[in-house]
Amino acid sequence: MYPNELVLQSEDWPGLIDTHCHLDLEPLSLRLPAVVDDAHLAGVTHFVVPGVHPDGWERMASLSRAHESIFPAFGIHPMHAELADDSNLSRLETLSSCGVAIGEIGLDPSYTVSVECQERAFRKQLRLAVPLGLPVLIHCRRAFQQTLRIMQEEGAQRVGGIMHAFSGSSEMAREFIRLGFAISISGMVTRENSVRLSRVVGELPLEALVLETDAPDMTPQRYRGQANQPAYLTETLHAVARIKGVDAIVAARFFRARSITVLSRMKIS
């Protein structure tokens, strides 16, 4: 469901930003030039690569130096929360000077790492982000009230950010929007059973949303069984545009503008 060639060549096409894709991880990293080229052909112009594990930070920095369309966001994923020690936090603070956000950070009780450990790592990284004026990319699954409370207590509203691959209710989404956070919609909205997420998209204002692939995960319905990639972001664009009852190019303009606003260090027009 890519925009056709005439649309991509038109001045009306704004270009999409994939606000969350793991280009540093296999299998995408094994064929990165082709992945980036395919995305550009599909009208996806820029990519935000979030951190997961400290061992991957230098690789992310290297990718961003090699590709002007790739922007890193360094952070420690909740599944690796035990690694948020003084040494790694010091490295994170240093590397963040060349990042566009800190993330992905947050809470997820589905992992074996205790929620107490995850909360400590979450708070420590928020306490880095807020004084640095960096937005945050929030990973939250089945812990929305606790995540919201921690964000409020740590002043996350001072920097804003993105609620990655949002899976909560419209009511919770509005709470995060009030804190200055964009709600990111993934390819899950294209799935045949995405009743709840489709309802959330329908109930939220278009200007509060951004798009992501979370590649290589969360592959859209059309490509299920394959590794996800940024080129497939247009599947999500068209799904959201249909739900909102607007033209895909109009929706794309909203998504690009909101992405640039919330991730202002990207410095793109």
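**Exercise 1. Which residues of helix H9 are buried?**

Some ground rules come before the solution. This is a predicted model, in which local features need pLDDT of at least 70 and side-chain atom pairs count only at pLDDT 80 or more, while totals for chains, interfaces and linings use all residues. Residues are numbered from 1 along each chain as its sequence is written, and side-chain values use heavy atoms, with hydrogens and water left out.

*Solution.* 
- Step 1: Helices (H or I, at least four residues) and strands (E, at least two) are DSSP runs, numbered from the N terminus. Buried means under 20% relative accessible area, exposed over 50%, and partly exposed in between (1.4 Å probe, protein chains only).
- Step 2: List the residues. They are Leu233, Thr234, Glu235, Thr236, Leu237, His238, Ala239, Val240 and Ala241.
- Step 3: Draw the conclusion. Because 9 of the 12 residues of H9 are buried, the helix is largely enclosed by the rest of the structure.
- Step 4: Find the cover. It includes strands S1 (16–18), S2 (44–50), S7 (181–185) and S8 (209–211), plus helices H8 (195–203) and H10 (248–262).

**Exercise 2. Find where the buried residues of H8 lie around its axis.**

*Solution.* 
- Step 1: Pick them out. In H8, Leu197, Val200 and Val201 are buried.
- Step 2: Look down the axis. The buried residues fall within an arc of 100°, so they line one face of H8. The arc is that of the directions from the helix axis to the C-beta atoms.
- Step 3: Name the partners. These residues pack against helix H7 (170–178), S7, S8 and H9. Contact means heavy atoms within 4.5 Å.

**Exercise 3. Classify the ring pair of Phe166 and Phe176.**

*Solution.* 
- Step 1: State the rule. Rings of Phe, Tyr and Trp (its six-membered ring) pair if their centres lie within 6.5 Å; planes under 30 degrees apart count as stacked, over 60 as edge-to-face and the rest as tilted.
- Step 2: Count. The rule gives 4 aromatic pairs.
- Step 3: Apply it. The centres of Phe166 and Phe176 are 6.3 Å apart and the planes stand at 75°, so the pair is edge-to-face.
- Step 4: Phe166 sits in the loop between strand S6 (161–163) and H7, and Phe176 in helix H7, so the pair ties together parts that are 10 residues apart in sequence.
- Step 5: Check burial. Phe166 is buried, at 3% relative accessible area. Phe176 is buried too, at 0%.
- Step 6: Widen the view. Ring pairs link Phe144, Phe166 and Phe176 into a cluster.
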